[in-house]
Structures are given as structure tokens and as C-alpha cells.
Amino acid sequence: MGPVAGIPVAVGAFDAHLGGVGVGIAPGTLAKIIGTSTCDMMVSAEKPADIPGLCGIVNGSILPGFYGLEAGQSAVGDIFNWFVNYIKAGDHVELTKAAAKLKPGESGLVALDWNNGNRTILVDPRLTGLMVGQTLHTSRAEIYRALIEATAFGAKAIIDRMREHGVRIDRVVCCGGIAEKNPLLMQIYADITGCEMQVSGSSQACALGAAISAAVLAGGALAVAGVAFQSLTRNPLAEPSLLGVSGGAAFGIVAGERFEMQAGDTCFFPADTIHVFTVTSDTPVKVLVVYAPPYGESPDKVIRPPAA
């Protein structure tokens, strides 16, 4: 092809990892990509102790300079689709409306979400799903709600496991079609986990994360990336929180090289452009960084658990 030397070339990355970038993953933020399965991800500036049952703790897997913590559920949306498409129980909209009329525990059904094995925390693809408590009067809506509750308890098991091993979870940000389209599921998740469920301001969080990563590589595409951020985020960029900030230092990329900014250096966040770091020195240096749009400050949707 004869490319000119020095042209930046991007490599592929996991869609879930880029989705984490797109929703503003940072220390203390659990990013949940909810689709056919789920991916639950966090980042840590320091290497955490081993957490039994997690898929991996990998340096630089999600963000440069941070350890990525990766967990997930083998089936979520796939379980609902199995019930709708294979069992022919109806459609998702109809079943969700009917399930929303039921009170928690009203049906007496209890289910496990192991229809495709268990990824976290048991790490066993041979496990199978289970439902108990059915009678001759059990309805489709009751089964559908029980399946939603099963996946919610699977999500709680992951959160509990991380917290048991010292991982701080300050907020949970969700993305994916189910997070956007099914408020009943999000409310059940909030009720069961006891966590506020924030829904990403971008309907294409993985694509947004890919665009951010490509902009970091390209370097020269600042203006284009800035326009993309403005159009893909539904919330104003008035109060951005930057990724790559830990222990009083900030991390970015200058001319392809990793850059560290120490505490005391000055940062500016132009509201009408992509955010850059300007380092106070004789010659100001602009540093393109991967940053978190303010979904956590003013998300499109916030689903809260019941008041204590």
C-alpha cells in the first residue's frame, strides 16, 4: 500500500473496553455494558489484590496507566430472548408492561441466570439455569420478571465480590440497548443491588469510546473529535471530570508519548472544544487526554433504589 512512515495505526480493542471509555470509566466508577451478556469493568491506579472469580486484572487493558478489572455475566439479554423467541412467550414490550404490574416476590418464583454458564464469580460454563416455585397458575409475565430478577442478583454478586475485596464503587454507569429501553429492568437492578443506576448520555457508548481512542492516536483530529463529543453527548460539557488523574498527577499523550502532569500544574477545560491540558511553563504544551464526559454529574437517567 505504500503508507508514509510515521502514520499512526490503531489496533483493535474490545468493544466493552471502549464502551467503558465512552461512559466515563474512572477509579470508583463501575461501567456496565448490558446487552446479550454483560461486561462489568473498573479501573485502578494501583494493582489490586487478586479477586477470586474476576475474569482478569490487567495493566493497561482499558486505560493506559491503570489496571483494568473485568467481570461479567454470560447471559442477560440472551435469557430474555430465549424466553421470547425460543419459548414463544410473547414480545418484550408486552411482557415488560405486564411484569411491571407485579410486586417483588409476588409470584413466588426464584431463578438463576446460569442459562449460559456463569462467568463471574463461579467461572464455570457448564452451569445451567434454574427456576423454582412454578404452579399451574404461573404466568408468562411472572416468569419474565423472575428472569430479570435473576440477572439482577447476578449483577449484585459481582458488585458484592468487588467490595468484599476492597474495591471502591462510588457509582454505576450503564450503557447498551437494555439500559436505555427497559426502565423496569433498571429499577429492579437498583432495588436489588442497592446502587443508583446511571444511564449513559450516549446511545452509542462503545462507538464513542472508539472515537475517543482514535482521536488520542490521531492527535491532529482535535477539532473533529470535539465536534463528535458535542454531538454524541446529550449533556452539556460544563463540568467534565478527567480520566487519567490519580494521586495528584494527570496522564495524557504528547506526540505519541505518554505524558505525566504533576500536581500544581494548571489545567484548562475549554467548554467549546475537546478538552486539553495546558501545562504552565515557559512554552505551554497542549496534551490530548482521554476524559470522562459528565454523565455522572448530569446523566440522562438516574434510577435509584428505594429509600432506606
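1. Two strands are said to pair if DSSP finds at least two bridges between them. The strands themselves (E, at least two residues) and the helices (H or I, at least four) are DSSP runs, numbered from the N terminus.

2. Before going further, please keep in mind that this is a predicted model, in which local features need pLDDT of at least 70, side-chain atom pairs count only at pLDDT 80 or more, and totals for chains, interfaces and linings use all residues. Residues are numbered from 1 along each chain as its sequence is written, and side-chain values use heavy atoms, with hydrogens and water left out.

3. Back to β4, which has another partner. Strand β3 (residues 56–59) pairs with β4 over four bridges, in the antiparallel sense. Here G56 stands opposite E70.

4. Which way do the residues of β4 point? Y67, L69, A71 and Q73 point one way, while G68, E70 and G72 point the other way.

5. Why is β4 described as largely enclosed by the rest of the structure? Because seven of the seven residues of β4 (residues 67–73) are buried. Buried means under 20% relative accessible area, exposed means over 50%, and partly exposed lies in between (1.4 Å probe, protein chains only).

6. Helix α1 (residues 15–22) is also largely enclosed by the rest of the structure, because seven of its eight residues are buried. Those buried residues are A16, H17, L18, G19, G20, V21 and G22. After α1 comes G24, with a positive phi near 90°.

7. Do look at A190 too, in helix α6 (residues 183–193). A190 has a relative accessible area of 0%, so it is buried. A190 and V172 are 18 residues apart in sequence, and their C-alpha atoms are 9.8 Å apart in space.

8. S200 sits in the loop between β8 (197–199) and α7 (205–218). With a relative accessible area of 1%, S200 is buried. A polar atom of the S200 side chain lies 3.1 Å from the backbone nitrogen of S202.

9. Now for some backbone details worth checking. Most residues other than glycine have a negative phi, and most peptide bonds are trans. K88 is not a glycine, yet its phi is positive, about 60°. K88 is placed in the loop between α2 (77–86) and α3 (92–100), and it counts as exposed at 65% relative accessibility.

10. V123, likewise not a glycine, has a positive phi of about 55°. This residue lies in the loop between β5 and β6 and counts as exposed, with 52% relative accessibility. I121 is found in the loop between β5 (110–112) and β6 (130–132). A cis peptide bond joins T120 and I121, with omega about 25°.

11. Finally, how confident is the predictor? pLDDT is its confidence in each residue, from 0 to 100. The mean for the protein is 77, and 70% of its residues reach 70 or more. Among the elements, α2 has the highest mean pLDDT (98) and strand β10 (residues 245–246) the lowest (31).

12. Please read two stretches with care. Over residues 220–259 pLDDT stays under 50, and the model has 92 contacts beyond four places in sequence for them. Over residues 262–299 pLDDT also stays under 50, with 104 such contacts. Contact here means heavy atoms within 4.5 Å.

Technical notes. Polar contact = N/O pair within 3.5 Å; in protein donor to acceptor, adjacent residues only side chain to side chain. pLDDT = per-residue confidence, 0-100.
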